Amino acid sequence: MAALTRATKANYIIHDRIQAETTDREDHTFCGIMFPVKCKDILPLDHLVINSVAVRGALGPLTVWVTKSEDLNGEIQLSKKHWTKIYQKEHQPSFVGYKELDLSANPIILKPGQVKGIYIHSTRRGDEAIVYDNKAKQKTVDDSFITILPGRAHVSEKVFGSIPIWGWGSAWRDNREFVGQLKYGAVYKLWNPQENLSFGGSFRTAARILFMCQRRPESPFSKLPDDCLFFILNMMRWDWVNDTSVEMRREQKHHRRLRRQQMIQEADAIMDEENNDADANEQVVEGVVLAEEEEEQAEDAQVDIDVNSDGDEEEEDLDFMEEDSSDDSEDADTSDNDDVESSDDDNEESSEEEEEEEYAWGDHVGSRSAFHYADDSSDSEASESDFERDENVRRIAIMRARRNILSFLRSN
């Protein structure tokens with residue numbers, strides 16, 4: 001019963017507030033900025049809580065929005081229906097220091113590996129509301145917990161507006177970076193047997209040694225049951241045995257490298273097996289193909305005989321059908337045309353209504369296009385591993401398709 005009452009996550013947020021601050025070159029100022037934020041899965045985190053965001057500029061009536069979708073898959077939609085407003089307040093100008101926007105009433109929750117879009121906008125007239133920068137690198141901020149990626153700037157005074165303040169062109173500017181601060185807290189996972197692999201190597205070694213001592217009669221730990229040791233480990237923080245995010249990151253890279261090598265070996269083994277099957281079945285396939293060709297030739301000869309014998313009767317039937325079907329075809333054409341015209345009118349009306357909802361007069365052709373971000377795994381070897389994995393999958397798929405074709409030919 002004691003194992004059923006062990007907590008799986010911490011019921012507190014760390015006391016030291018973590019602050020992620022960006023570079024500040026003040027390249028531009030305008031109405032808004034939208035950017036993705038990713039929670040890393042290196043440390044044994046249950047979730048992150050973003051409590052506040054800070055910006056500077058002329059500010060004015062500010063709103064903060066966050067994406068609704070739990071899984072963006074590298075794409076952020078720019079339509080208002082895909083976002084949730086979590087903050088609204090008017091602020092005085094702050095051109096030098098950052099002005100903190102308190103999100104504690106509606107904090108942003110991020111699970112490990114999850115990405116969410118944050119959109120900060122001001123309806124103040126003019127182009128000095130919010131400061132942002134040009135894109136200078138692939139990741140605006142990259143620490144042990146989160147990654148802030150470059151996003152898009154907004155040059156429309158209307159929230160999610162598609163027309164810029166000068167009335168023409170696109171209202172969004174690509175390759176822009178958020179300037180400001182994010183303050184957040186981390187809720188850690190607590191150790192449980194099923195979460196052992198989420199912790200660092202030093203922690204796992206300490207847990208293994210603790211249970212090894214318990215199994216020896218001369219050890220004082222031998223008097224404790226397993227549940228007591230479980231609770232001891234459950235109450236230990238992940239870094240109490242000197243695990244660091246750098247070491248855990250290095251360990252994860254090593255495991256990924258081993259998995260890639262294992263995938264390559266499995267792919268090579270499958271290819272060797274497929275090649276052996278193909279060589280053994282080549283003679284069978286050749287015999288099947290020759291038999292099918294002979295059957296087709298015999299069927300063609302029989303078809304030619306039937307066509308010559310029935311040709312005259314088919315011509316008489318065709319002449320008779322042409323005389324009777326001429327009037328009916330005209331009536332059918334007129335009725336079909338009427339139905340097509342009515343359906344076209346309905347489709348045009350429905351499409352016009354949808355366009356009025358999504359677009360306004362003067363919209364730029366790309367004003368509603370989704371924003372695509374590069375969801376890199378903070379790994380310089382990520383592109384190479386993806387390429388190798390795609391190659392292995394492609395080779396396996398080709399060999400499986402070949403095997404299916406051979407089995408189909410044999411069965412028929």
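**Entry: Leu 233**

I started with the contacts of Leu 233: not counting residues up to four places away in sequence, Leu 233 touches Trp 191, Phe 203, Ala 207, Leu 210 and Phe 211. I note here that the model is a predicted one. I placed Leu 233 in helix H2. Is Leu 233 buried or exposed? Its relative accessible area is 2%, so I logged Leu 233 as buried.

**Entry: the chain as a whole**

I then stepped back to the overall counts. The chain has 17 strands and 4 helices. It runs to 412 residues, and 36% of them count as buried. I took the contacts between residues at least 6 apart in sequence; 81% of these join residues at least 24 apart.

**Entry: aromatic pairs**

I searched the whole structure for aromatic pairs and got 12. One of them is Trp 83 with Phe 160, a tilted pair with 5.6 Å centre to centre and 50° between the planes. Where do the two partners sit? Trp 83 is in strand E7 (residues 83-91), and Phe 160 is in the loop between strand E14 (151-154) and strand E15 (172-178). They are 77 residues apart, and the pair links distant parts of the chain. I found both Trp 83 and Phe 160 buried.

I looked at a second pair, Trp 191 with Phe 230. This pair is also tilted, at 5.8 Å centre to centre and 40° between the planes. Trp 191 lies in the loop between strand E16 (181-188) and helix H1 (201-214), while Phe 230 lies in helix H2 (residues 226-234), so the pair ties together parts that are 39 residues apart in sequence. Trp 191 is buried, as is Phe 230. Trp 191 had already come up in my list of residues touched by Leu 233.

I followed the ring pairs onward from Trp 83. They link Trp 65, Trp 83, Tyr 119, Phe 160 and Trp 172 into a cluster.

**Entry: nonpolar cores**

Which residues have the most contacts inside the largest nonpolar core? I listed Val 37, Leu 48, Val 64, Ile 120, Phe 145, Ile 146 and Leu 182, in a core of 53 residues. Strand E4 (residues 45-57) gives the most to this core, with 5 residues.

A second, separate core has 15 residues, including Leu 72, Trp 172, Phe 371 and Tyr 373. For background, nonpolar side chains in soluble globular proteins tend to be buried together.

**Entry: largest pocket**

I asked for the volume of the largest pocket and got about 320 Å³. How many residues line the largest pocket? The count is 17, and Asp 41, Ile 42, Leu 197, Ser 198 and Gln 252 lie nearest its centre. Helix H3 (residues 245-358) supplies the largest share of this lining, 5 residues. I sorted the lining of the largest pocket by type: 8 nonpolar, 4 polar and 5 charged.

**Entry: positive phi**

I checked backbone angles next. Most residues other than glycine have a negative phi. I noted Glu 26, which has a positive phi near 50° and is not a glycine. Glu 26 sits in the loop between strand E1 (18-21) and strand E2 (28-30).

Leu 59 is in the loop between E4 and strand E5 (60-67). Is Leu 59 buried or exposed? Leu 59 has a relative accessible area of 0%, so I marked it as buried. Leaving aside its neighbours within four places in sequence, I found Leu 59 in contact with His 91, Gln 92, Ser 94, Lys 99, Ser 122, Arg 124, Glu 128 and Ala 129. For Gln 92, I also looked up the C-alpha separation from Leu 59: 6.4 Å, at 33 residues apart along the chain.

Technical notes: Residues numbered from 1 in each chain as written. Predicted model: local features only at pLDDT ≥ 70, side-chain atom pairs only at ≥ 80, totals over all residues. Heavy atoms only, no water. Phe/Tyr/Trp six-rings, centres within 6.5 Å; stacked < 30°, edge-to-face > 60°. Helix = DSSP H or I, 4+ residues; strand = E, 2+ residues; numbered from the N terminus. Buried < 20%, exposed > 50% of the residue type's maximum accessible area, 1.4 Å probe, protein only. Core = buried A, V, L, I, M, F, W, Y, C linked by side-chain atoms within 4.5 Å. 1 Å grid on protein atoms, 1.4 Å probe; cavity = no way out; pocket = protein on both sides within 12 Å on 5 of 7 lines; lining within 4 Å. Points joined across faces, edges and corners; volume = space filled by probe spheres on them. Nonpolar A, V, L, I, M, F, W, Y, C, P; charged D, E, K, R; others polar. Contact = heavy atoms within 4.5 Å.
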